[in-house]
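Biologist: I'm new to this one. Could you walk me through how to read it, feature by feature?

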Amino acid sequence: MKTKFIQLLTLAFVFVIQVAFAQQTVTGTISNSNGEPIPGATVAIKGTSSATSADFDGRYSIIASNGDVLLVSYVGYLAAQYTVDGASADITLTSATDLDEVTVTGYGQTTKAKSASSTVRITAETIGNRPNASLIQTLTGQVAGLDIFTNSGAPGANSLINLRGRNSINGNTEPLILLDGTPIDEDDFAALNPNEVESLDVLKDAGATAIYGNRGANGVILIKTRRGNYEQDLRVRINASYAFSSVQEDDFDMMGASEILTLEKQLNRGLGATLTDAEIAAYGDGYNWQDHFWQNGLTSNHNITLTSGGSNSSQLTSFGYFDQEGITITTGLKRFNLRNNFNTKSENGKFRMASSLSINFAKSNNRADEGSSGINRNVQFGPQYSAPYVYPSDKGDDPSAFGSAKGLSVFQITPLILMDLAEKTVNKVEETKIIYNLDTSYDLLDNLTFRSVTGLDYAGTRGMFSEPSDGWSSTYFEGSDDAGLAGSQSLSQTNIFSINQVTSLTWNQTFDEKHNITLAAYTEYFKAHYKTFGYNSVGLNPKTYYPGDGSSYVGDSSSNDVFVDTTSANLLNAGLFSYFSSLDYDFDGKYGFSATARRDASYRFSKSNRWGTFGSVALRWNVSEEDFMQDTAFDYLKIRTSYGTNGNQRISGGGYFTAPDLYESLYATGTGYQGQVSTFVSQIPNDDLKWETVTQFNVGAEFSVFDDLINGEIDVYFKKTDDLYQSKPVSAINAITSLSANVGGVENNGFDILLNLNLIKAKGDNFGLSFSFNGNYNENKLYDIPADTGYIIGIGRNGYQIGENYIIRYAGVNPANGNLLFYTKDNQITESPNADTDRVWTDKTSVPDFFGGFSAKATYKGFTFSTQFNYATGTYRFDNNMSRFQAYSSVGRFNMSRDVLRAWTPTNTITDMPAYNSSNRTAYSSDRFQRNADYLTLRFASLSYDFKPSLLAGTGIKNLNLFVNGENLLTFSEWRGFDVVARSSSSLIYPNPRTISIGLNATF
C-alpha cells in the first residue's frame, strides 16, 4: 500500500513539474493599427479567470502555456484572439475603420457600423496646435468634397465653404454649422478657439442632412468641444505655442530703381525723364517697400484646461489667449476665450444634463479697403506696387508736401500716403461672442426618453474708423470751409441674438435580440434678432482729437453743409419653426434602414408658401457580417445608399436677415414730378416665391482589407437644386425691370474618395508609417436659365457650370507691328475683335474640377512626423496683379514687372509683350491674364516628440509633448502670385502667410 502511494505521489510530482515547465511568462505590447500603444487593454486566457491589463505603454505580462488562447479587448476596438506560441506576443487591435466609434447622424447618434449615411469625422489630432486663427481653415484638404478657400490672409479673415459643389446662384451655399448643438454663423470664427474642439463631423448626403430640413441643403458641420470625464481627478492641461509668419514668395519679378527709371527715361515719363544716366545708375536697386509694409508677424497662443469629475458630475474649464500680428503693419488679432462644459446625472442615471458656455472676446485691426484701387486707402498698394526710387525719408512732416523735393506725383508718393494712413488712422473691430447650450434628457421609461436642447448665440460687434485732420487724405481733399478740420470718424454697434430650441421624444426597442427600432419625434423653434446703430462724423478738431472720443467733433455751420453728420439704424427679426420625425431600424447588425420626414416654416415666404416638406430614406448592408464573407480579404465592408431633399430658405445669401419681405409690395419716398415729394413702387411682390429645393441621391461603400492594411470610403452622388432664386425680367412699366422668382436649376454630380494605407504598423516604439488620400470630382451644370438665349452673362449657360467665363480670347502679339491679337468667335485672328459678337464661353472657372489632400505620418520611439498636402486641378483665375504690373500706362507712376522689358520692338518681334505704343493694348477685355491656377501645396507639416512616462517620473507631469509645425510651406504651381489657393481675381489683396510655430502640450 505504501509502495502504491509513493508511486502515485511520484506520478503527481512529475505531472506538476511538466505543467510548471510548460507554463511561461508571455509578454508583449498591445497597440492599434497606427502602432500607438493602448493603455488599459484587457488580456485574458480563454476559459480561465486569469487576466491582466496593459500598462501606460501598452505592455502586458501574463503566465500562459503554448496553445492557450489570449482574449484581448478594449473599448472602441474589435476584440482579438491570439494563440500562444512562445514567450512573446505583440498584438494589434483594429478599429476596422472605427466601427464602434460614435457617429452623429442628424439629432441623434449611432455607431459607424450602423450608420447608413455619408459622414466624416475630423479629430483634434489634425486641427489642434495649428498656427491659424480660424478653426474652419484648419479643415482645408482634410475632407473629401469640402471646399474651403480664403481670399485674404488678414488675421481671422472669413473663409467660404462649399460641400460637394455650389447649390445656388444667389442663395446661401455654405453648410449649416452647429457648435455643441447651437447653430452659429458660418462667417463668424475669428472669436472662437480651435483648441477647445474635440472633433468635427461633416454630414454630406441627404440621409444625414435631410433631418435638418430648412438649413441642411448645403451640408452640415457639427463641432463638438472637449468635456470632462466622470470619476476623474483634477487634471490640468497646458498648451503654449509661438508662431512666426512671413509673406510667401511671388514670381512677379519686379524691377529695381535703376531699371524702372531707365524705362521711364526711354518712354519720357515720370522722374526718370528728368534724370541723367549717371543719376539713374546711382539709385541702384533702390528701396524695397515690402520691407516697410510687410513684417514677420509673431503669434502667441496659450491655453489652460482644467477637467475633473465625480460619480455624478464632471466639468471642463478652459482659458485661452491668442495674439497674432499680421504680416502687414498695423494689422492683427487678439482673442480671449473662456469655456465651461458641465455634465451631471441623477443617481439612477435617468436624468442627464450637459451645458456648454463659451465667452469670447476678439479685437482685430485690419484694413477694410484691401483689394480696392484706392491708392490712399488700400495698404497693399504699398508693398506690391510702389516705385523703388521713393524712400521713407521722402515723406517729411507736412502731408501736403510729400515727395516735393523730388517733384513726385501723387501716384509716385503712394507708399508715403499709405505710410501716413497706417500711422495715423485707426480701423478696428471688437467682437463679443457668447454661446450657451443646455442639453437635458430624462428616461420616462427604460426605452422612452424626453430631451430638450436649447442654444443661445449672442454676437456684439463694435467697429471704429477714425482719420485725423492732419492725415494726407484729409489734407489733400479738404476745402476752404474745412481747412485743418477735415478728419472723419465712423462708429457702429451691431447686436445679433438668436435662440434655437429642439424638443424630442425617442423610443427605442429591441425584439428577439435581432430587431432594433428607434423612433423619434421633434419640434424645433428658431428666432433671431438684429439691431444696429452707427454714425459718421465729418470734421475733427486736432486740438482735442482722440480716436473714438467725441470731444473733437465739429458742429454743422449755417453757412455751409460741410460738417453734416449722418446716422444709421436698423431692427430686423427672423424666425423658423419645424416639426419632424425619424425612424431607424437594424436587423442583427447586418441590415439597416433610416427615414426622416420634416415640415418647415420660414418667415421669408408668404403664408401660401411658408411651409416646405422635406425628407429622406437610407439603406445599408454590412456585407462583411455575412457568412460568405468569412475567410476573405475583407475585414469590413458596408454598402449604403440614401435619397432625400432639403430646403434652402436663405435664397439671397447673406445671414439670417437678408431678403425678409420679397413677397410684399414695398414703396419708397422720393422726388417726383416738378420736384414734389412723391411715393412710388420700389418692389413688386411675388407671392409665389418659395424654397430652393435640393434633391440628392448617394451610394457609397466603406471597407477595410488585409487586417486594416487599406481602408477607406467611396461615394457617388447626384444633386439637383430646383426653383433657383433669380431675377426674372419684367416690363418696365413701373420703372422696375426684374422680379424675384424661382426659376431654373443647377446640378452637382460627382464622387468622393478616401483611402488610408497603414503601410507599416508600429510595434511598440518601432517604426510606423501610414498614408491617407482624399479627393472630390464635381461636375456643376445649370439648366432652365430664365433667358431666351439659354444663358445669362455673369451667371452661365445651360449645361455648363456657374460662373463660366464669357470673354474674348487672346491670341498673342502680332510680330509685324507689336499689336495684340485676338480670336474671333469663328477662331479667326484679328487685331480688332467685336466686343459683343466675338466673346465666347470658355468652359473655365476658378472652381477646381478635382481637389483634395493627401498626408503621411511616421512614428518612431516617441517621435511623430506628419505632412498634409493639398491639391486642385482644373482651376483658372484672372491674374489682375500681373495685369497691373505689366500695364505700360503705369510707367512713371508705379513699379513694373521685368516682363515689360520684353516689349515688342522692330528688333524683338517674337515676344509675348506688345509694343509700348501698341494701338489696341487697352482696347479690349480678354482672357490675356487668365492663368492656370492648378496647385500642389505643402499645407501643413509637424514634428513632435512625446516624452516617455519614465522620463517624467517625479516631475508631476503626466504627459509632455513638444512640437514644431508649419503652414503654407511650399507651393508648386504656374501661378505667379502670392497665394494660388485664393479664388479672388481682385488685385492687391492681403497675402496668406507662411507660418512656423513651436510649442508644447503638458498634462499635470
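Biologist: Let's start with strand pairing. Which residue stands opposite Ile829 in strand 43?

Modeller: This is a predicted model, and in it Tyr823 is the residue facing Ile829 of strand 43. Strand 42, residues 820–823, pairs with strand 43 in the antiparallel sense, over two bridges. Zoom out and you get an open sheet of three strands in the order 41-42-43, with antiparallel pairing. Strand 41 (809–813) and strand 43 (829–830) are the edge strands, each pairing on one side only.

Biologist: Now salt bridges. What's the general idea, and how many salt bridges does the count come to?

Modeller: Side chains of opposite charge can pair when their charged atoms come close. Here the count comes to 43 salt bridges. Take Arg121 and Asp201, whose side chains meet at 3.0 Å, N to O. Arg121 sits in strand 10 (residues 119–123) and Asp201 in strand 15 (residues 197–203), so the pair links distant parts of the chain, 80 residues apart.

Biologist: Is Asp201 buried or exposed?

Modeller: Asp201 counts as buried because its relative accessibility is 3%.

Biologist: What does Glu249 form a salt bridge with?

Modeller: With Arg994, the closest N and O atoms being 2.8 Å apart. Glu249 lies in the loop between strand 17 (232–247) and helix 3, while Arg994 is in strand 51 (residues 993–1003), so this pair ties together parts that are 745 residues apart in sequence. Glu249 counts as exposed, with 56% relative accessibility, whereas Arg994 counts as buried at 16%.

Biologist: And within a helix, how should I think about spacing?

Modeller: An α-helix has 3.6 residues a turn, so residues three or four places apart point the same way. For the case here, look at Asp420 and Lys424, whose side chains meet in a salt bridge at 2.9 Å, N to O. They are four residues apart in helix 7, so about one helical turn separates them. Asp420 is buried at 3% relative accessibility, and Lys424 is partly exposed at 23%.

Biologist: Which residues are linked in a network of salt bridges?

Modeller: Lys112, Lys638, Arg640, Glu702, Glu713 and Asp715 are joined that way.

Biologist: On to the inside. Which residues touch the most other members of the largest nonpolar core?

Modeller: Leu263 and Tyr389, in a core of 51 residues. Helix 7 gives the most to this core, with six residues. Leaving aside neighbours within four places in sequence, Leu263 is in contact with Met255, Val891, Val900 and Tyr916. There is also a second, separate core of 22 residues, and Leu139, Leu146, Ile177 and Leu192 are among them.

Biologist: What do the buried residues of helix 3 pack against?

Modeller: Helix 4. The buried residues of helix 3 include Ile260, Leu261, Leu263 and Leu267.

Biologist: Last one, the surface. What is the accessible area of the nonpolar patch?

Modeller: Together its residues have about 1,000 Å² of accessible area, and Trp621, Phe628, Ile639 and Phe718 are among them. Strand 28 (611–622), strand 29 (634–648), strand 32 (692–705) and strand 33 (710–722) each supply at least two residues of the patch. Ile639 lies in strand 29 and counts as partly exposed, because its relative accessibility is 36%.

Notes:
Residues are numbered from 1 along each chain as its sequence is written. This is a predicted model: local features need pLDDT of at least 70, side-chain atom pairs count only at pLDDT 80 or more; totals for chains, interfaces and linings use all residues. Side-chain values use heavy atoms; hydrogens and water are left out. Two strands pair if DSSP finds at least two bridges between them. Patches are made of residues with over 30% relative accessible area and no salt bridge: like charges are joined within 9 Å, nonpolar side chains (Val, Leu, Ile, Met, Phe, Trp, Tyr) within 5 Å. Accessible areas come from the Shrake-Rupley method with a 1.4 Å probe; for residues, only the protein chains shown count as cover. A salt bridge is a side-chain nitrogen of Lys or Arg within 4 Å of a carboxyl oxygen of Asp or Glu. Buried means under 20% relative accessible area, exposed over 50%, partly exposed in between (1.4 Å probe, protein chains only). A nonpolar core is a set of buried Ala, Val, Leu, Ile, Met, Phe, Trp, Tyr and Cys residues joined through side-chain atoms within 4.5 Å. Contact means heavy atoms within 4.5 Å.
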